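User: Please go through how the two chains are arranged and how they meet.

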There are 2 protein chains.
Amino acid sequence: MDLTQLREPIVQAPLAGGPSTPQLAAAVGDAGGLGFLAAGYKTAAALAQDIGELRALTDAPFGVNVFSPPGDRADSAALERYAARLQPEADRYGVQLGAPRHDDDDLQAKLDVVVAERVEVVSFTFGCPQVDLVARLHEAGCDVWVTVTGPQEAIQARDVGADALVVQGLEAGGHRGYFVDGPQVEDLGLLAALRLIAHSVQLPLVAAGGIADGASVAAVMCAGAAAAQIGSALMLAPEAGTSPAHRAALASATPTRLTRAFSGRQARGIVNRFLQEHDEHAPAAYPDVHHITTPIRAAARRAGDPQAVNLWAGQTHLLAREAPAGEIVRGIGAEARAAVAQLARRLDQAP
Amino acid sequence: MDLTQLREPIVQAPLAGGPSTPQLAAAVGDAGGLGFLAAGYKTAAALAQDIGELRALTDAPFGVNVFSPPGDRADSAALERYAARLQPEADRYGVQLGAPRHDDDDLQAKLDVVVAERVEVVSFTFGCPQVDLVARLHEAGCDVWVTVTGPQEAIQARDVGADALVVQGLEAGGHRGYFVDGPQVEDLGLLAALRLIAHSVQLPLVAAGGIADGASVAAVMCAGAAAAQIGSALMLAPEAGTSPAHRAALASATPTRLTRAFSGRQARGIVNRFLQEHDEHAPAAYPDVHHITTPIRAAARRAGDPQAVNLWAGQTHLLAREAPAGEIVRGIGAEARAAVAQLARRLDQAP
């Protein structure tokens with residue numbers, strides 16, 4: 001997958017948990033970007049079906065994003081305290097709390113699917129794949145991308161043979177891709193992360209985090225990225241599976257923040273009641289907390305109530321456009337070319 | 001001050017507290033950028049002397065940065081508890097704790113100086129100047145810049161008549177420029193801040209935060225900035241007044257973080273012992289805490305001990321170069337032009 005051969009230097013964020021659909025990935029691919037399917041929170045069979053649907057829609061290459069296995073099981077007392085705290089939420093939405101499973105999201109079966117399907121790109125989030133797994137994917141013709149948040153993770157990913165890195169700045173919506181989900185000394189902004197990583201490793205970089213227009217795409221490419229990953233910017237497209245409550249929140253000026261409240265892992269979402277009431281009590285316990293809160297989030301989503309939904313969004317979600325995904329991709333690409341051409345003229349004419 | 005008329009689209013960060021010198025501002029101005037003098041933590045008389053020295057060195061335009069007045073006086077009990085906690089630090093460095101003054105850094109006298117001297121640009125940090133103050137500065141021929149961290153502050157600054165905004169991303173070293181120093185819902189990364197602010201106001205933007213090379217300058221200009229402000233990137237220059245302990249820390253890969261430990265206000269510094277031991281105990285009490293810790297920081301600096309010095313630095317401090325300031329400014333400018341030209345060629349040749 002040579003990123004310089006994309007007609008548009010734009011990669012779709014995987015958008016696990018609802019917005020990801022074969023239709024969205026196909027529209028992005030047909031527009032000249034690189035579409036992605038989210039394997040997360042799905043069965044391997046559902047992933048295989050998504051791949052089949054996508055291939056029926058387009059011949060364009062695409063990627064599949066999988067979650068690396070979670071870390072150690074969390075403190076069960078902390079988990080029980082948090083579940084007890086959430087019982088009134090379950091009552092409020094008329095559901096039972098989910099069971100706190102510490103599972104690996106069916107990773108092996110999903111890897112079997114992407115290998116069998118010889119998917120063009122397999123990207124990892126939440127950790128670095130082992131050398132032998134990277135080799136297995138390479139043998140199947142898959143490029144391996146690893147999501148990183150800083151130079152040390154970048155070096156680790158290079159050393160196992162990653163073909164490209166998704167550099168995630170703290171502006172990004174959804175889960176932070178830390179390899180180890182503990183307290184972080186430093187969360188890097190996207191520009192700083194790109195420059196520090198570009199000085200550390202020689203790999204193609206895909207910039208992710210708060211990129212919602214062409215000016216930002218041009219910016220991250222000046223900063224060394226081979227392409228820009230966009231997520232929130234595609235979530236209002238009709239092809240996306242974004243819920244109505246989530247769509248309304250994305251179009252509001254409500255700020256975002258990082259929280260463990262919904263999943264037990266730091267993720268950026270639009271501030272709502274659930275986040276504000278529970279954030280400081282949520283333990284570092286992914287995916288256990290994700291499973292506990294699933295019924296509450298699903299019920300709130302069905303009810304069109306944004307106040308208990310995990311409203312994942314990047315910091316610039318307000319800039320998302322409501323338009324077909326292909327139009328968004330081509331529009332952002334055109335804006336990026338215009339921004340670069342305009343700046344080239346200005347710098348040429350400097351006194 | 002038409003930023004498009006600068007030979008290099010580079011503004012020096014004010015760098016209060018030591019690194020700011022007339023020699024540094026003159027070197028930046030002579031290289032085609034815009035030099036700055038920090039009025040902060042100096043007497044008005046010392047500021048006037050700095051302006052005189054700078055004008056003796058160069059005819060280039062320059063700016064002066066002043067601090068807006070602090071907010072309400074902090075809880076005195078919290079301040080006393082923090083002072084008691086720091087007593088062993090004072091003993092360790094053989095000094096007495098400073099007195100916790102809640103002063104305005106001699107603001108009125110400094111404004112009299114910049115008005116009398118008809119300084120080209122007066123920039124504000126820590127708050128928005130009142131309309132009548134902006135008018136007074138305009139009458140004296142000064143352009144007024146305001147440091148902002150998000151769209152709401154940007155709108156407020158536009159509404160009082162600001163001529164340009166310094167958009168500070170959370171990557172930036174030193175103090176965060178929040179108008180109100182309380183808990184923040186959302187700290188924006190620089191790219192996100194630029195795009196959200198560019199969609200909110202029509203003013204020239206100066207991008208600040210983690211910009212240490214030409215690729216980043218090109219990036220923020222693609223994202224709508226008229227110029228880039230660089231701080232850490234100049235702190236190893238011989239013209240800067242950076243202490244030896246601070247220089248050594250800048251050249252290390254040690255991470256940065258935000259802390260109130262040194263001044264009572266959130267500021268980004270390289271992690272050291274003092275920060276780690278006291279951060280979580282420091283009250284929101286600026287500049288009172290600044291005055292309490294001044295003797296400790298000064299003694300540690302004199303002793304060449306970085307562990308109790310406020311090592312302000314942006315997230316990319318590792319990219320700072322040791323070279324004359326003019327060489328740094330011209331080098332970064334040339335890199336920025338090369339990055340834009342290269343990207344323009346690549347996008348032209350896309351399939």
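Analyst: Two residues are in contact if their C-beta atoms, placed from the backbone, lie within 7 Å. The model is predicted.

User: By what rotation is chain B superposed on chain A?
Analyst: Superposing chain B on chain A involves 0.0 Å of shift along the rotation axis and leaves an RMSD of 0.0 Å. That is the relation of a two-fold axis. The rotation is 180°.

User: Which residue of chain B comes closest to the rotation axis?
Analyst: The distance is taken at the C-alpha, and its value is 1.9 Å. The residue of chain B that comes closest to the axis is B:Ala219.

User: What percentage of the interface residues of chain B are also interface residues in chain A?
Analyst: The contact takes 47 residues from chain A and 47 residues from chain B. The copies meet through the same surface, because the share of chain B interface residues that are also interface residues in chain A is 100%.

User: Which element gives the largest share of the side of chain B that touches chain A?
Analyst: The elements of chain B that give two or more residues to this side are helix H7 (190-198), helix H8 (214-222), strand S10 (256-259) and helix H12 (325-348). By class, the residues of this side divide into 27 nonpolar, twelve polar and eight charged. The largest share, eight residues, comes from H12(B).

User: How many residues of domain 2 of chain A are in contact with domain 1 of chain A?
Analyst: Chain A is divided into domain 1 (1-69 + 104-241) and domain 2 (74-103 + 243-320), with 23 Å between their centres, taken over C-alpha atoms. Domain 1 of chain A brings 20 residues to the contact, and the number from domain 2 of chain A is 21.

Terms used
Residues are numbered from 1 along each chain as its sequence is written. Chains are lettered from A and ligands numbered from 1 in the order in which they are written. This is a predicted model: local features need pLDDT of at least 70, side-chain atom pairs count only at pLDDT 80 or more; totals for chains, interfaces and linings use all residues. Copies are superposed by least squares on the C-alpha atoms of residues with pLDDT of at least 70 in both. Domain bounds come from an automatic or database domain assignment. Helices (H or I, at least four residues) and strands (E, at least two) are DSSP runs, numbered from the N terminus. Ala, Val, Leu, Ile, Met, Phe, Trp, Tyr, Cys and Pro count as nonpolar, Asp, Glu, Lys and Arg as charged, and the others, Gly among them, as polar.
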